[in-house]
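Hi,

Here is the structure I promised to pass along.

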Amino acid sequence: MDYLDELEAEAIYILREVAGQFEKPALLFSGGKDSITLVHLAMKAFRPGKFPFPLVHIDTGHNFQETIDYRDDMIKRIGEKLIVGYVQEDIDNGNVIEQKGKNASRNALQTVTLLNTIAKHQFDACIGGARRDEEKARAKERIFSVRDEFGQWDPKRQRPELWNIFNGKIHKGENVRVFPISNWTELDVWNYIRRENIPLPTIYFAHQRDCITRNGQLMAASEFLNMDSDDVIENRNVRFRTVGDMTCTAAVESYAFEIDDIINEISASKISERGARMDDKVSEAAMEDRKKGGYF
């Protein structure tokens, strides 16, 4: 086997372990390339049967329309169940308070909606597409990551994972976050997408878009950004390396119109894909702080 076969086999094994060890698992779907890859791996793991878990999307209401369109088309194509948790409902119900100011974002609010969705459906395991190469907090998290009854992650209480033996035992109220492609890199994902011919949202490829420059980053101009007279809209040739809330996901200038172009661009880049995420720049430990609070 080549290295992509080995990564694929490991991920499929982990997905089947989740199906075997947990009563009510779910696959968290963001519409990004990593969760799309997970869906493809789940099809390899469980077809011709149905998935032993639903897909769950936490919708901030400030998503890229291309991502939502892709999600809905994919669900029709694969015929699996989709559960959507809406941040707007938590805002309307007073569970969270929407941020104010020029750099306001709903990204942090989705943690509450995620935890509420987990509690409502009693999920005991949530599968996600996080990878260790993305960010230093994710680099030290296990493949089976136990969260307490409040959804919090304690890095000091992680379990050993020797010889690919995963311990899914939890107490009532706890849940496990599972990362089947934890050992993959961004380049691995793109090489796998190319090999498997997996379709993606168009925003991953270079296109022309109206942007503003904020905090040194190119942000897609949209109704969700609190723009003022200081924000100058420019039409730029860009693509997105990662997909998230429009208020915190920056674009990169690019002329990578095909997958081979993207792979060459990533190979030459010295900045990680989450270098274009404003939410990771709040502090040195921004990601770890959010994970401790229940963020995926």
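Below is what turned up, going from the barrel to a helix pair and then the pocket.

First, the ground rules. This is a predicted model, so local features need pLDDT of at least 70 and side-chain atom pairs count only at pLDDT 80 or more, while totals for chains, interfaces and linings use all residues. Residues are numbered from 1 along each chain as its sequence is written, and side-chain values use heavy atoms, with hydrogens and water left out.

On to the barrel. Four strands close into it in the order β7-β8-β10-β9, with antiparallel pairing (strands are DSSP runs of E, at least two residues, and helices are runs of H or I, at least four, both numbered from the N terminus; two strands pair if DSSP finds at least two bridges between them). Direction ignored, neighbouring strands of this sheet are turned by 70° against each other on average. β7 (residues 207-214) is joined to β9 (residues 234-239) by five bridges, and to β8 (residues 217-220) by four. Arg214 has Gln217 in β8 as its bridge partner. On the β9 side, Val238 stands opposite His207 and also opposite Glu253 in β10. β9 and β10 (residues 250-253) are held together by two bridges.

Next, the helices. α1 (residues 3-21) packs against α7 (residues 186-196) at about 95°, their axes 11 Å apart (axes are lines fitted to C-alpha atoms, for helices over the stretch in contact, and angles run from 0 to 180 degrees between N-to-C directions). The two are therefore roughly perpendicular, a label that covers 65 to 115 degrees. Tyr3, Leu4, Asp5, Leu7 and Glu8 of α1 meet Asp188, Asn191, Tyr192, Arg195 and Glu196 of α7, where contact means heavy atoms within 4.5 Å. By type, these residues are four nonpolar, one polar and five charged (nonpolar: Ala, Val, Leu, Ile, Met, Phe, Trp, Tyr, Cys and Pro; charged: Asp, Glu, Lys and Arg; polar: the others, Gly among them).

Finally, the largest pocket holds about 460 Å³ of space. A pocket here is an open set of points on a 1 Å grid over the protein atoms alone, where a 1.4 Å probe fits, with protein on both sides within 12 Å along at least five of seven lines; lining residues have an atom within 4 Å of a point. There are 21 lining residues, and Gln122, Phe123, Asp124, Gly173 and Glu174 lie nearest the centre. The lining splits into seven nonpolar, seven polar and seven charged. Helix α5 (residues 110-121) gives the most to it, with three residues.

Cheers

Notes. Parallel < 35°, antiparallel > 145°, perpendicular 65-115°, else oblique. Points joined across faces, edges and corners; volume = space filled by probe spheres on them.
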